[in-house]
Amino acid sequence: MPANLRTSPAAQGSARGRRRTRLAAAASAALVAVVTTAIALTSYSASAETATATHDPVIMVPGMTGTPSNMDTMKADLQSNGWAANRLFTWTDTSNMTQDLAKAARELGTKVDQVRSQTGASKVVLATWSASTLAARYYIKNLGGAEKVSQYIGYAGPQHGTTNNGCQFYESCQQFGSADSPFLRELNSGTEVPGHPQVAYMTVRSVKDTNATPYDTAKLAGADDNYLLSGPMAPTHFTIIKDATALAAMRAFIIAHENPPTGTPTPTSTTAPPTSTPSGQCFSASNYGHVVAGRAHNSFGYALANGSNQNLGLNSLYVTTKIRQTGVNYYVLDSTCP
C-alpha cells in the first residue's frame, strides 16, 4: 500500500469516534420522533374526547326582512361562553322570512340536515326570532323536525298573532297578522309545543315589545320556560336578541336541558315518587325563596323542585312559582295553589 494512502492509528480512532457520534445522534432523533408521535396521538385523543362533549349545534334565525348578521351578537355571546365557533350558525331562508312560512320551514329543514351532516351531531338547537319562531315550530310539527331538534328557543314570536299587523303586503305577515289565521289555527292545534318533552321549549318576551303585541302572544302553552323581561331596562322587539339578560337565560336553559355527551337520557327524577299520603301543602314564593327554604335546588341557574325535579324557571328573586308538597321532600308545580 502506498504510504500516502495509509491511515494512522490516531486517524482511525478519530473516524470510529465520528461514527459513534453519528449513531448516537440517529438514535436520539429516533427517540425524539417516537416521543413526538406519542404526544401527537395523546393530543389527538384528548381533542377527540373534548369534541364528543360539546353542545348541540345552534342555528340562529332572524325574523321577517332580517338578515343573518342580526344574530351576530347572540353568536358572539355563545362563543365567548364556551360554545365552539364551528357549531354556531346564522341563517335565514331565501325570502328573509317574507314568504309562506311553510316554505321557509322546508328550507330550514334543509339547513338543519346540512348542519347535522357537517358537525356529526344528531340534533340541533333552534334559536329563532319573530316570524322565524313560527317557521321553526312548523318544521318541528309537520316536517320531521321533532327528531332532529333538541331545543327550541323563540324570541318575541307572534305565536298567537299580533295587533301590529300593518305588514301584510308580505305573505308571512298575513299568516300571523291575526290570531285566527288558518296558518296559526293549524300550528297551534293539538299542542303548542310539538315534540315535547323530547324537544325542550323556551320563549323570551318583553313588556316593551310593540311589534309582537300584546307581548304575551309570544308565550307557548306547555313550554318549559316562558321567560318575561320587565322593568325600565326591558328590551324592545329589536334589541331582545342582543339583551344580556335574555342571552344569559338562554345559555342557562340550553345547559339545563341538553343531553349528556353520551346521549343517554337525562334522569327526570332523583327521588322515587312518594308512597305516603300527600300533605298537599302549597307554597307560593320566588324561585330563590324555594331554594333557600329547601323546597327546590339550583341547577345551572335554574330552580328545580325537590323530588320531581320539575324546572321552576330561573333561580331568581323576580320569578314566582306555586308548588305543592305531595310527599316527604317531594314538590310539584301546581298553578291551582292559592
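I take helix axes as lines fitted to C-alpha atoms over the stretch in contact, with angles running from 0 to 180 degrees between N-to-C directions. Helices (H or I, at least four residues) and strands (E, at least two) are DSSP runs, numbered from the N terminus. I note that this is a predicted model, in which local features need pLDDT of at least 70 and side-chain atom pairs count only at pLDDT 80 or more, while totals for chains, interfaces and linings use all residues. Residues are numbered from 1 along each chain as its sequence is written, and side-chain values use heavy atoms, with hydrogens and water left out.

**Entry: H2 and H7**

I looked up helix H2 (residues 72-80) against H7, and found that their axes come within 11 Å and cross at roughly 50°. H2 and H7 are therefore oblique to each other, given that angles under 35 degrees count as roughly parallel, over 145 as roughly antiparallel, 65 to 115 as roughly perpendicular and the rest as oblique. For the contact (heavy atoms within 4.5 Å), I list Thr73, Met74, Asp77 and Leu78 from H2, and Leu247, Met250 and Arg251 from H7.

**Entry: the parallel sheet**

I then followed an open sheet of 6 strands, whose order is E2-E1-E3-E4-E5-E6 and whose pairing is parallel; two strands pair if DSSP finds at least two bridges between them. Strand E2 (88-90) and E6 stand at the edges with a single partner strand each, so one side of each has no neighbour in the sheet. From one strand to the next, the twist averages 15°.

Strand E1 (residues 58-61) pairs with E3 in the parallel sense over 4 bridges, and Val58 has Val125 in E3 as its bridge partner. Helix H3 (residues 101-119) packs on this sheet, where it touches E1, E2 and E3, and its direction makes about 140° with that of E3. H4 also packs on the sheet, touching E1, E3, strand E4 (149-155) and strand E5 (200-206), with its direction at about 155° to that of E4.

**Entry: aromatic pairs**

Which rings pair here, by the rule that the centres of Phe, Tyr and Trp rings (for Trp the six-membered ring) lie within 6.5 Å, with planes under 30 degrees apart stacked, over 60 edge-to-face and the rest tilted? I count 5 aromatic pairs by this rule. Among them, Trp129 and Phe238 are edge-to-face, at 6.5 Å centre to centre and 85° between the planes. Trp129 lies in strand E3 (residues 124-129) and Phe238 in the loop between strand E6 (225-229) and helix H7 (244-257), so this pair ties together parts 109 residues apart in sequence. Trp129 is buried, with a relative accessible area of 7% (buried is under 20%, exposed over 50%, partly exposed in between, with a 1.4 Å probe and protein chains only).

Tyr138 and Phe183 form a stacked pair, 5.7 Å centre to centre with 10° between the planes. The pair links helix H4 (residues 132-142), which holds Tyr138, to helix H6 (residues 182-187), which holds Phe183, across 45 residues. I find both Tyr138 and Phe183 buried.

**Entry: Lys141**

Lys141 is found in helix H4 and is partly exposed, with a relative accessible area of 26%. Leaving out residues up to four places away in sequence, I see Lys141 touch Glu186, Leu187, Ser189 and Pro194.

**Entry: the antiparallel sheet**

Finally, I noted an open sheet of 3 strands in the order E8-E9-E10, with antiparallel pairing. Strand E8 (296-299) and strand E10 (311-314) are its edge strands, each pairing on one side only.
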